[in-house]
Amino acid sequence: MFYGAVVWDPWLIVAQIVCLQCLYYLTLGAFLSFLVGTRVSRLSLVYFFDFATITTSTVTGWCVIASFLLSSIAGAGYMLYLIERAKKCLDFAATLYIIHLFICLIYGGWPSSITWWFVNGIGVAVMALLGEYLCIRRELKEIPITRYRSKLVSYSLIQT
């Protein structure tokens with residue numbers, strides 16, 4: 001949390017990416033099971049990685065869209081505690097969604113749905129901007145120094 005000279009630590013960056021990705025998918029799974037799981041007979045990885053499930057033509061599709069957007073809001077909260085720096089939020093949010101794109105490519109092919117691109121574009125923007133906002137608010141908090149000051153004052157009174 002102290003922002004002096006930062007040492008470049010690739011293992012820390014990889015660990016942050018892995019933790020953020022796992023938390024994102026756990027949250028997405030929770031939202032999908034709550035919003036979509038009640039509407040379908042069997043919840044599977046299709047709802048995570050297949051672009052065809054993100055559609056505005058069905059109520060289930062809207063629930064999938066809501067799950068993705070709520071997960072991006074939660075991801076911004078995770079970045080507040082995992083990343084802690086506002087200037088890194090865009091990098092980590094973009095990395096998360098690029099990895100998600102690669103997993104979607106492997107799972108179901110190139111996402112040809114404009115809705116998929118729109119939802120994920122809004123998701124990365126929400127995650128990055130909200131994460132930056134939350135981190136900036138934390139970075140701009142005043143540092144309480146009343147204890148240190150009271151010790152200094154009492155020490156100076158003792159010496160005089």
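The structure is a predicted model, in which local features need pLDDT of at least 70 and side-chain atom pairs count only at pLDDT 80 or more, while totals for chains, interfaces and linings use all residues. Residues are numbered from 1 along each chain as its sequence is written, and side-chain values use heavy atoms, with hydrogens and water left out.

**Exercise 1.** Determine which secondary structure the protein chain contains and how much of the chain is buried.

*Solution.* Step 1: count the elements, taking helices as DSSP runs of H or I with at least four residues and strands as runs of E with at least two. The chain has six helices and zero strands, in the order α-α-α-α-α-α. Step 2: apply the burial cut-off, under 20% relative accessible area with a 1.4 Å probe. By this criterion, 33% of the 160 residues are buried.

**Exercise 2.** Compare the annotated spans 12-36 and 90-110 with the model.

*Solution.* Step 1: residues 12-36 are 96% helix and 0% strand, and their end C-alpha atoms are 35 Å apart. Step 2: residues 90-110 are 90% helix and 0% strand, with 24 Å between the end C-alpha atoms.

**Exercise 3.** Describe how helix 1 and helix 4 cross, and name the residues in contact.

*Solution.* The axes of helix 1 (residues 10-35) and helix 4 (residues 86-108) come within 10 Å and cross at roughly 65°. Step 2: list the contacts (heavy atoms within 4.5 Å). Helix 1 contributes Ile13, Gln16, Ile17, Leu20, Gln21, Tyr24 and Tyr25, and helix 4 contributes Phe92, Thr95, Leu96, Tyr97, Ile99, His100 and Ile103. Step 3: sort these residues by class, with Ala, Val, Leu, Ile, Met, Phe, Trp, Tyr, Cys and Pro as nonpolar, Asp, Glu, Lys and Arg as charged, and the others as polar. The contact has ten nonpolar, four polar and no charged residues.

**Exercise 4.** Is Val64 buried or exposed, and which residues surround it in contact?

*Solution.* Step 1: locate Val64 in helix 3 (residues 59-82). Step 2: Val64 counts as buried because its relative accessibility is 0%. Step 3: setting aside neighbours within four places in sequence, Val64 is in contact with Leu32, Val36, Tyr47, Thr53 and Ile54. Step 4: for Tyr47, 17 residues away along the chain, the C-alpha separation from Val64 is 7.1 Å.

Technical notes: Buried < 20%, exposed > 50% of the residue type's maximum accessible area, 1.4 Å probe, protein only. Axes fitted to C-alpha atoms, helices over the stretch in contact; angles between N-to-C directions.
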